[in-house]
Amino acid sequence: MGGIGKTTIAAAIFQEFSPKYEGSCFLANVREESSRHGLNYIFNRLLSELLHEHVHITTPKIVSAAILRRLRRKKVFIVLDDVNTSELLENLLGVGQDYLGVGSKVIVTTRDKHVLLSRSVDHIHEVTEMNDENSLKLFSLNAFNRTHPPENEYWELSKRALAYARGNPLALKVLGSFLHSKTEKEWDNALTKLKRIPNADIQKVLRLSFNELDDTEKDIFLDIACFFKGEEKEKVIRILNECGFFADIGIRNLLDKALISIATNKNIQMHDLIQEMGHKIVCEESLKNPGKRSRVWHRDEICDILKNDEGSATIETIYLDMTERTEICISSDALRKMPKLRLLAFANDNGYGQKRVDYTLSLPTALELPNNLRYIQWDGCPLKSLSTTSWPSKLVELSMPYSDLEKLWDEPLNFPSLELIYLASSKRMIECPDLSGAPNLKEVWVNGCDKLTHLHPSIFSLPKLSGLCVYGCKELKSLSSNNCSTSLERVVAYNCPNLEEFSIPISKDHSDIHVHLRSTALKQLPSSIVHLQHLVNFSFPISDLLMDLPEKYTNQIMLSDPNNQECDSVATLRRILPSPMFHYLKELKFDGCQSLTELPDTISLLSSLLLISLHNTNITSFPENIKTLPRLKVVILCHCERLQHVPALPPSVHDFKVWDCKSLRTVSGSNTEELKIQHGTTFIFLNCVMLDEESYNTILKDAIARMEIKAKSLSATRTENRIEECTVVDDGDGFLSEDNANVGKICYFLPIRGSKLDDLFHNGSSQNSISIQLPLSSNFSGFIFYLALPPIPPCNTGDLDIRFGFECYLETSWGQRTHIASSSLIGWGCSFYHGFQMNVMSDHVLLWYDSQCCKQIMKIIRGRKAIDDDDNNANLEVKFFARLPNKEEVVIKECGIRWIYTNMEKESRVCRFKRSRQVFELEEKDLESDDEGEELVPPAKKFKHSLMEVESVENLRKKLEQLLHIQFDGGFLSAEIKLGYNV
């Protein structure tokens with residue numbers, strides 16, 4: 001991404017390290033200079049600066065042997081700034097960098113990651129956006145000549161400016177300089193103007209990457225900027241491939257050029273400034289007439305186009321956000337004038353199967369859709385039928401959730417390209433049409449269609465059908481067909497209380513599928529599925545019928561209440577758990593089992609069980625013998641509001657998540673001697689507000705014990721010169737941790753009870769940051785953090801994903817302040833169903849240990865001691881944050897730190913803690929040696945040039961701080977910057 005700071009960082013590195021080399025050269029703007037003056041000019045300039053004399057070479061491919069010998073004898077430092085092709089890089093450095101001497105370093109900045117991937121580079125670092133704190137500092141320096149805005153209306157105006165810049169240093173600097181010395185009214189006017197007219201200086205830099213795209217890549221970019229931002233990557237690729245845009249490679253190239261990114265949920269994201277650039281490019285197609293642009297997205301412009309027939313053959317995409325529009329009129333000729341229209345969306349979705357506003361729609365009697373349409377999204381369509389509509393034959397996806405449709409069409413229609421139909425929560429739909437004319441149809445979603453009684457049997461004969469979702473169809477009585485697609489991967493038909501028949505002839509050879517039939521009226525196991533094996537997932541009501549299923553029938557099963565209300569769930573479970581199907585079961589889940597009041601003791605027979613999950617049950621306690629399950633790793637309890645006690649869990653458990661179990665009072669601790677070292681641990685007790693103080697203290701002690709065991713194990717591996725990789729490891733059971741992003745981290749989250757947290761921690765603060773003096777002992781091996789959070793108002797489950805993080809800075813006795821590490825912890829949400837309201841009801845505390853961050857910080861600290869062993873007054877400053885997905889900051893009421901030592905008993909003789917102004921201060925007490933004469937403070941070591949990493953990190957940070965008067969965020973070198981290039 002342009003303006004993110006690649007050149008600035010490269011220049012700072014060059015200024016700091018180039019004097020240590022025999023020759024150096026900083027070639028700025030290689031892209032522009034080579035285009036203006038030619039490659040030979042750039043190459044001769046490079047050679048002249050490295051050899052300190054004028055050199056003239058007619059072509060880089062022919063270099064005299066004398067010059068090559070001189071170059072190969074020199075250790076040089078080179079920065080090539082803004083290189084746009086791998087060929088240019090090869091011509092400047094030679095194949096295999098054979099022009100350069102041993103020990104030479106090359107840094108390359110580029111907007112295109114592929115330039116670096118095509119070479120054998122040592123390191124690729126991506127420059128990320130600046131965090132909020134540093135964005136405010138950089139902006140304020142340019143706007144106010146100070147590090148923060150004045151205490152008046154400029155505070156709120158500055159927040160608007162930061163929201164626009166989104167952490168881009170160029171935008172922050174340009175915008176701050178532009179607003180400098182202007183009045184509040186002028187600020188408000190300028191920031192409002194930016195919503196419609198982007199800043200030219202910023203756009204000029206950003207557009208360079210767009211200009212290098214080919215025509216199909218430009219189309220993909222503009223479609224994402226104007227239509228698909230936030231959509232799932234695979235969906236976008238599928239649709240754009242049908243548009244002839246070669247989207248697989250096109251999306252990859254946009255990623256390499258940092259024009260888009262892929263979020264953790266696999267959705268395509270785009271920086272607001274880059275999206276704004278895309279909008280500006282489209283607007284330039286016709287400055288005064290939106291109807292002659294290729295893409296339209298402004299509500300008022302679209303409504304005028306549709307109502308007044310102002311469209312044209314130029315329009316390819318229409319995206320109408322209907323959340324603020326209640327009246328829409330489409331004239332009879334409006335869409336007919338748009339023969340090139342490919343993508344059409346009337347968006348009115350809140351993300352949870354509900355439309356956000358009601359609206360009125362005026363349509364012609366016969367709606368004629370352009371035949372070029374590939375994608376139609378019409379949220380909350382108010383029409384009862386589209387039988388008179390002229391449907392496009394090139395359609396790839398039809399999405400009409402929570403519509404008023406009763407049916408789509410009367411007769412079979414020809415849809416040779418149609419791959420997905422999404423009609424979820426269309427409450428009035430009574431029939432699903434004949435789909436035999438859609439041979440490429442892969443997915444049909446009619447879940448939540450309350451009045452749907454049956455499906456047309458043609459659906460199961462579709463050769464490419466992979467998924468059918470009918471869950472929540474209250475009136476659905478039968479799923480039957482004489483045929484079944486060999487491509488079928490999942491049938492999701494749970495919560496269909498009137499479903500009495502399931503007769504889909506699934507072949508015995510067709511296993512490895514998902515079949516969900518829980519909460520249905522089925523009185524027998526369907527004969528069509530009894531013979532299957534190795535189902536990925538299976539769900540069914542609690543029933544003795546499950547005893548008839550064979551071994552290895554499925555790895556995962558989810559159970560619901562029995563169909564017969566008189567059936568005893570607990571007794572039935574006691575009988576069926578010893579049956580063959582459960583012998584090799586890995587995941588056991590209960591969903592909405594209101595009749596389940598306890599788990600039977602036969603649960604201990606499930607020796608292969610890895611995960612157990614209970615949602616909305618009436619259990620009051622777990623069986624004590626749960627601790628005998630040798631392989632259990634994950635326990636999830638959600639909305640079990642009568643649960644009062646949880647016994648000791650097996651030492652193998654690394655994820656224990658308890659949501660809204662508001663009667664839970666007691667939790668037994670683990671045997672710390674049996675705890676296993678795991679790659680990541682998460683224990684959550686969200687809104688367990690009745691926890692007694694003894695259990696609260698038990699959980700805190702368990703957390704500290706796990707974290708100290710982990711820290712000491714890492715210290716042991718370091719002593720033995722072994723490296724522990726921070727990756728998720730399959731233990732041979734086929735089960736990987738679900739929280740891959742939290743690997744190497746241990747976190748506990750629970751309501752705060754009576755005991756004071758600072759009794760367990762060495763230092764505390766009532767703010768969101770803490771500064772403490774580093775311990776002097778060589779036994780120091782890590783630290784544990786805690787944060788205290790206030791209540792958080794209710795929000796939808798998908799939105800409650802609290803993200804925690806911190807930044808660490810090392811402050812030396814001579815005033816140097818260096819950023820040395822950062823860490824982030826992805827939060828959690830309830831995964832059971834959308835629309836679930838979840839909140840944080842009271843003050844909660846997070847205990848947090850990050851092994852990789854500890855190793856990084858301790859490595860820097862030890863490197864400092866090797867350089868200057870007399871610096872005994874260094875402080876560690878830690879700044880914490882907690883924020884919601886909308887980037888709203890969550891207040892941090894308290895924070896603190898607990899040091900971890902490899903030998904706590906020895907440390908207790910050396911150090912003691914005392915309370916002073918809510919902060920513990922470490923007092924030195926005979927730090928020369930312990931009782932056995934062992935030296936606790938390592939001897940002074942000579943400075944070694946081999947400490948390149950410590951030197952690079954610390955001196956780089958220092959130089960950047962001097963240059964910009966700020967500290968950069970954690971990952972400050974970019975995927976576009978190559979550091980330490982050995983040749």
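This is a predicted model: local features need pLDDT of at least 70, side-chain atom pairs count only at pLDDT 80 or more; totals for chains, interfaces and linings use all residues.
**Aromatic contacts, helix packing and loop residues**

The charged end of K552 sits over the ring of Y584, 5.2 Å from the ring centre.

The chain has 983 residues, of which 56% are buried. Its secondary structure comprises 22 helices and 41 strands. Among contacts with a separation of 6 or more, 63% join residues 24 or more positions apart.

Aromatic pairs were examined next. A pair of aromatic rings is described by the distance of the centres and the angle of the planes. With ring centres required to lie within 6.5 Å, the count is 32 aromatic pairs. One of them joins F139 and F144. The pair is edge-to-face, with 6.4 Å from centre to centre and 85° between the planes. F139 is buried, and F144 is buried too. F139 also pairs with W187. Here the centres are 5.8 Å apart, the planes make an angle of 85°, and the arrangement is again edge-to-face. F139 belongs to helix 7 (residues 132-144) and W187 to helix 10 (residues 184-194), so this pair ties together parts that are 48 residues apart in sequence. Both F139 and W187 are buried. Elsewhere, one aromatic cluster is formed by F783, F785, F806, W848, F880 and W899.

Helix 7 also holds N142. The relative accessible area of N142 is 18%, so this residue counts as buried, the cut-off being under 20%. The side chain of N142 makes a polar contact of 3.4 Å with the side chain of S177. Leaving aside residues up to four places away in sequence, N142 touches K173, G176, S177 and H180.

Helix packing was then considered around helix 14. Two packed helices are described by the angle between their axes and the distance between the axes. Helix 13 (residues 233-242) packs against helix 14 (residues 247-256) at an angle of about 130°, and the axes are 9 Å apart. Helix 13 is therefore oblique to helix 14. On the helix 13 side, the contact is made by K233, I237, L240 and N241. On the helix 14 side, A247, D248 and I251 take part.

Helix 12 (residues 215-228) also meets helix 14. Their axes come within 9 Å and cross at roughly 75°. The two helices, helix 12 and helix 14, are therefore roughly perpendicular to each other. Helix 12 contributes E217, I220, F221 and I224. These residues meet A247, G250, I251, N253 and L254 of helix 14.

Which residues of helix 14 are buried? They are A247, G250, I251, L254 and D256. An α-helix has 3.6 residues a turn, so residues three or four places apart point the same way. The cover over the buried residues of helix 14 includes helix 6 (113-117), helix 12, helix 13 and strand 5 (268-269). Just after helix 14, A258 takes a positive phi of about 60°.

Positive phi values also occur in two serines. S425 has a phi near 60°, a positive value in a residue other than glycine. S425 lies in the loop between strand 13 (420-422) and strand 14. At 16% relative accessibility, S425 is counted as buried. S519 is not a glycine either, yet its phi is positive, at about 55°. The loop that holds S519 runs between strand 19 (514-516) and helix 17 (527-530). S519 has a relative accessible area of 24% and is partly exposed.

H456 is found between strand 14 (443-445) and strand 15 (467-469). Its relative accessibility is 28%, so H456 counts as partly exposed. The side chain of H456 makes a polar contact of 2.9 Å with the side chain of S458. Residues up to four places away in sequence aside, H456 touches C432, P433 and D434. H456 and L479 are 23 residues apart in sequence, and their C-alpha atoms are 9.2 Å apart in space.

Conventions. Residues are numbered from 1 along each chain as its sequence is written. Side-chain values use heavy atoms; hydrogens and water are left out. Rings of Phe, Tyr and Trp (its six-membered ring) pair if their centres lie within 6.5 Å; planes under 30 degrees apart count as stacked, over 60 as edge-to-face and the rest as tilted. Buried means under 20% relative accessible area, exposed over 50%, partly exposed in between (1.4 Å probe, protein chains only). Helices (H or I, at least four residues) and strands (E, at least two) are DSSP runs, numbered from the N terminus. A charge sits over a ring if NZ of Lys or CZ of Arg is within 6 Å of the ring centre and within 35 degrees of the ring normal. A polar contact is a pair of N or O atoms within 3.5 Å; within protein, one must be able to donate a hydrogen and the other to accept it, and residues adjacent in sequence count only if both atoms are side-chain atoms. Contact means heavy atoms within 4.5 Å. Axes are lines fitted to C-alpha atoms, for helices over the stretch in contact, and angles run from 0 to 180 degrees between N-to-C directions. Angles under 35 degrees count as roughly parallel, over 145 as roughly antiparallel, 65 to 115 as roughly perpendicular and the rest as oblique.
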